[in-house]
Amino acid sequence: MTAADHLSWPFFAPHHAELATTLDAWAAEHVASVHTGDADADCRALVRLLGAHGWLAHAVAGREFGGAGEAIDTRSICLIRETLAAHNGLADFAFAMQGLGSGAISLDGTSAQRARYLPRVARGEAIAAFALSEPDSGSDVAAMQCAARAEGDEYVLNGEKTWISNGGIADFYVVFARTGEALGARGISAFIVDADTPGLSIAERIDVIAPHPLARLRFTECRVPATQRIGAAGTGFKLAMRTLDVFRTSVAAAALGFARRAMAEARARVTSRRMFGGVLADFQLTQATLATMAMQIDSAALHTYRAAWQRDSGRTVTAEAAMAKYVATEGAQRVIDAAVQLWGGMGVVHDVPVERLYREIRALRIYEGASEVQQLIIARELLKTHAASRPPHASDA
């Protein structure tokens with residue numbers, strides 16, 4: 001049983017296995033050592049590196065705009081994130097944010113918007129960011145307060161966004177703001193805001209347990225041309241959800257990569273750690289722990305690549321993507337915790353691989369929809385399916 005065994009599963013085409021194998025060898029040589037402790041500088045370096053070697057082409061859509069294909073291939077995105085996460089968590093972050101940050105442009109941008117931004121994203125020459133969350137509207141996106149009022153051929157933005165990955169280093173932000181066409185989710189629009197636009201400021205840099213560029217943004221009478229709106233007015237909420245649907249499954253893939261690395265570190269440790277005349281791997285409790293870890297990893301992989309395959313087949317994956325994210329991130333937390341335990345005292349030494357994984361996995365259970373939100377999505381989809389399948393006059397008895 002190896003980490004590459006799943007590449008022979010029927011979810012994949014031959015080019016997917018080639019992609020993952022090639023990237024694994026490349027990442028071992030190029031990204032594993034990019035870890036200076038300066039998250040901003042490391043992230044910039046990784047974006048340039050990933051772009052220069054062609055990997056970011058998979059994060060954007062449209063060959064004429066630098067993409068690897070006309071549409072984003074979910075299985076490729078997932079394999080890339082899984083592989084990068086196993087080598088360097090910040091490399092996974094850098095890749096993912098180029099895709100998420102420009103995803104709305106790939107999905108619904110005009111030809112002019114795509115031509116201006118996507119080639120630079122694919123080459124690693126422009127850093128993208130996705131600005132959706134606010135201080136009082138995280139999971140409840142429809143409650144956002146950041147507003148954009150129309151004035152002639154411009155929109156004027158006022159409000160704040162927080163927990164914005166790449167905040168402070170991004171060259172442009174895809175910002176979702178209330179434009180008031182209707183109440184709730186139907187009155188939100190999306191805009192591309194260049195980082196040097198007057199009225200946009202970095203209100204706060206946020207330091208988290210697994211450091212990466214993160215900030216709170218403030219918009220004060222920030223004027224953007226109407227041509228910077230993505231899609232029709234009032235369609236921003238749907239566009240945000242479509243963007244998240246593309247990349248939510250890839251969060252599961254990143255968690256899977258972290259879990260696989262933890263398993264590799266655990267196996268290396270227990271087969272070399274001398275104890276009571278043998279090695280740690282000789283003990284049945286150790287073997288039971290490894291077996292549980294292996295089952296959790298395989299379960300996560302099956303959920304992740306089923307969802308990715310279904311999306312690439314043109315099928316709706318709302319429930320499947322939520323299941324994948326929940327199973328993979330929650331399972332990876334357990335796998336990594338077990339790996340730390342098997343490493344013993346060395347497992348909590350700062351920057352030892354399993355300690356770093358322990359910090360890196362925690363955020364994945366929250367961002368792009370916390371685990372509890374994924375449970376609600378799954379239940380909602382189950383009840384929706386049940387309601388649709390009931391006969392019109394079915395008895396409640």
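## Helices, strands and cores

Mentor: Let's start with a pair of helices: the axes of helix 3 (residues 74–87) and helix 4 come within 6 Å and cross at roughly 150 degrees. Axes here are lines fitted to C-alpha atoms, for helices over the stretch in contact, with angles running from 0 to 180 degrees between N-to-C directions. This is a predicted model, where local features need pLDDT of at least 70 and side-chain atom pairs count only at pLDDT 80 or more, while totals for chains, interfaces and linings use all residues. Residues are numbered from 1 along each chain as its sequence is written, and side-chain values use heavy atoms, with hydrogens and water left out.

Trainee: Why are helix 3 and helix 4 called roughly antiparallel?

Mentor: They cross at roughly 150 degrees, and angles over 145 count as roughly antiparallel (under 35 is roughly parallel, 65 to 115 roughly perpendicular, the rest oblique). Helix 3 and helix 4 therefore get that label.

Trainee: Which residues make the contact between helix 3 and helix 4?

Mentor: Helix 3 brings Ile77, Ile80, Arg81, Leu84, Ala85 and His87, and helix 4 answers with Gly89, Ala91, Asp92, Phe95 and Ala96. Contact means heavy atoms within 4.5 Å.

Trainee: What makes Thr83 buried?

Mentor: Thr83 sits in helix 3, and its relative accessibility is 9%. Buried means under 20% relative accessible area, exposed over 50%, and partly exposed in between (1.4 Å probe, protein chains only), so Thr83, at 9%, counts as buried. Leaving out residues up to four places away in sequence, Thr83 touches Ala20, Leu23 and Asp24.

Trainee: Why is Arg114 called partly exposed?

Mentor: Arg114, in helix 5 (residues 111–123), has a relative accessible area of 22%, so it lands in the partly exposed class. Beyond its neighbours within four places, its contacts include Phe65, Ile105 and Pro119.

Trainee: And what makes Asn158 partly exposed?

Mentor: Its value is 25%, so Asn158 falls in the partly exposed class. Asn158 is in strand 3 (residues 154–165), and it touches Gln145 and Phe219, among others.

Trainee: How do you know that the length of helix 8 agrees with its residue count?

Mentor: The expected span is 1.5 Å times one less than the number of residues. For the 26 residues of helix 8 (residues 318–343) that gives 38 Å, and the end C-alpha atoms are 38 Å apart, so the two agree. Helix 8 is also mostly covered, with 19 of its 26 residues buried. After it comes Gly344, whose phi is positive, near 65 degrees.

Trainee: Why do strand 4 and strand 5 count as paired?

Mentor: Pairing takes at least two bridges found by DSSP. Strand 4 (residues 172–178) has seven to strand 5 (residues 188–194), running antiparallel, with Val175 opposite Phe191. Strand 1 (residues 128–131) pairs with strand 4 in the parallel sense over four bridges, and there Phe130 stands opposite Val174. Helices (H or I, at least four residues) and strands (E, at least two) are DSSP runs, numbered from the N terminus.

Trainee: Which residues touch the most other members of the largest nonpolar core?

Mentor: Among its 70 residues, those are Leu84, Leu157, Phe172, Phe176, Val193 and Phe219. Helix 4 (residues 89–108) supplies the largest share, nine residues. A separate core of 47 residues includes Phe12, Leu280, Ala294 and Ile361. A nonpolar core means buried Ala, Val, Leu, Ile, Met, Phe, Trp, Tyr and Cys residues joined through side-chain atoms within 4.5 Å.
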